[in-house]
Amino acid sequence: MSRAQAWERLREPYDLLVIGGGITGAATLYEAARRGLRAALVERGDFASGTSSRSSKLVHGGLRYLKEGKLGLTRESVREREELLRDAPGLVEPVAFVMPHYRKRKPSRATLALGLALYDALAGTRRHGYLDAEQTLALVPALDPDALTGAHWYLDGTTDDARLVLRLLAEAEAAGAVALNYASAALLYGDDARVCGAAVTAPQGERVEVRARATISATGVFADELRAGLGAAPRLRPLRGSHLVLPAWRLPLARCIAFEHPHDGRPVFAYPWEGAVLAGTTDLDHDAPLDAEPAISPQETAYLVAALRFAFPSLRLDAQDALCAYAGIRPIADRHAADPSKASRDHLVWNERGLVTISGGKLTTFRPMAMDALAAAAPLLPPFERAARRVFERSPLPQGALRTAAQRRLAGRYGALAQQVVDAAAPGELACVEGTTTLWAELRWAARHEMVRHLDDLLLRRTRVGLLVARGGERHFGRVAEICEQELGWPAARWSQELDAYRERVACNYAVPDRARIPDFRGYL
């Protein structure tokens, strides 16, 4: 569906209007549409441009939640993980984590064995085991061998969070819904002062009133901003999590590594992702204005470098080794925990004067969150079926000059549209963008069909080339410009404007801070 078509469809009456185009909003739209509700979604920025493209990319239960006694959250998360692994292969994939044990360090072998047994029991699986020191080093040679006694391994999942959002939106559209990005919403009120939709404004200033029986706010960290119009008090605590992306040659890992940071005992990980290695994460109260795009701080950079130096001392990793860094702001519905890491990741739902707000939660639990939001809005909606369904129906692998891994990748990311992605490819576009596992065909498809308005939409969210190739993908700009000219109609002047804005965004929000600003990492050891 084109932007023009989506805009026109917003003039129709709806059962449900969803505000917010991240993972929770996309899932809510999808669940509503496939249950027969007339549903629309608007997002004031780009789809997944907030937290949902800046997460840790993990689909997991969260071992640390067990340590905090949150059995319900862990059970829900690991069971959702299992269903996503079953129903979204190629988009959600199993990953093996190794957690090494060292003499006189936590966690002990017995403690972790007990935790993993419970973790698997909650999921109804057995996906863990023990490795001795020799086996551990054979799998992860870069680990510090000094005082290593062995390791436990266990399985979780990983995904491309932005592509998961886009798959949900595509499936929702196939079920009859409409979704539009770069469309800001201001609440509308009926005669009884209850919310009855929103006035939606396009970047060009065009405005339409979207009337809906129910309105759900899935706006993440911005939820309190929308609620303020109702006179509601703030309920959210924004926490920042930052990550480094390193080239695989600099930190060669065949397995994911999880360990406790020597500074504060927080869980830290490093794992292969999209042909690179992702390392994180921090967990800090975010005090900067929410409208300003977040970026990793010099202190967070030093913290993560210290963790990598601690785990892999022989590699002598440095911040300047990173391809990029990124930060996301988590909407935590817990304003009271003294330690940000111990703030609850449970989600909460509020209904205030007809506006249902869903916030908090985790990437992994997007489906229960969506269904809880719909349940809260149900009194305002026509009757709809609420029984659990598969996440996605399996789609056939696309055919063409593709390796099996590429077929699986496309089927996971595009579902029933995967064959069309292949068929739309120009000669040579079934090859990977150098330095990534992304096919050139994915860029062309996104530019043609996925409401790309700006270069960062294409390189940071529709694909992740801007994260995986140095300097935001600079060495590929010439070929990307050709695709943008052909599919988006960008002349040279528009390309130059977009490129300048993109380079500034990469430098300000996706680059490692200058070396002179980063504290000595040894302060975090």
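This is a predicted model: local features need pLDDT of at least 70, side-chain atom pairs count only at pLDDT 80 or more; totals for chains, interfaces and linings use all residues.

Analyst: Arg-471 is exposed, because its relative accessibility is 58%, and exposed means over 50%. The backbone of Arg-471 is the point of interest: phi is near 55°, a positive value in a residue other than glycine. Its place is helix α16, which covers residues 470–473.

Most residues other than glycine have a negative phi, and most peptide bonds are trans.

Ala-48 also has a positive phi, near 60°, and is not a glycine. Its setting is a loop, between β2 (39–42) and β3 (58–59). Is Ala-48 buried or exposed? Ala-48 has 2% relative accessibility, so it counts as buried. The cut-off for buried is under 20%.

Now the peptide bonds. Lys-106 and Pro-107 are joined by a cis bond, with omega about -5°. Pro-107 sits in the loop that links β4 (92–102) and α5 (109–123).

Where is the cis bond that involves Thr-281? It runs from Gly-280 to Thr-281, and omega is near 5°. Thr-281 belongs to the loop between β14 (276–280) and β15 (284–285).

Arg-471 is in helix α16.

Notes: Residues are numbered from 1 along each chain as its sequence is written. Side-chain values use heavy atoms; hydrogens and water are left out. Helices (H or I, at least four residues) and strands (E, at least two) are DSSP runs, numbered from the N terminus. Buried means under 20% relative accessible area, exposed over 50%, partly exposed in between (1.4 Å probe, protein chains only).
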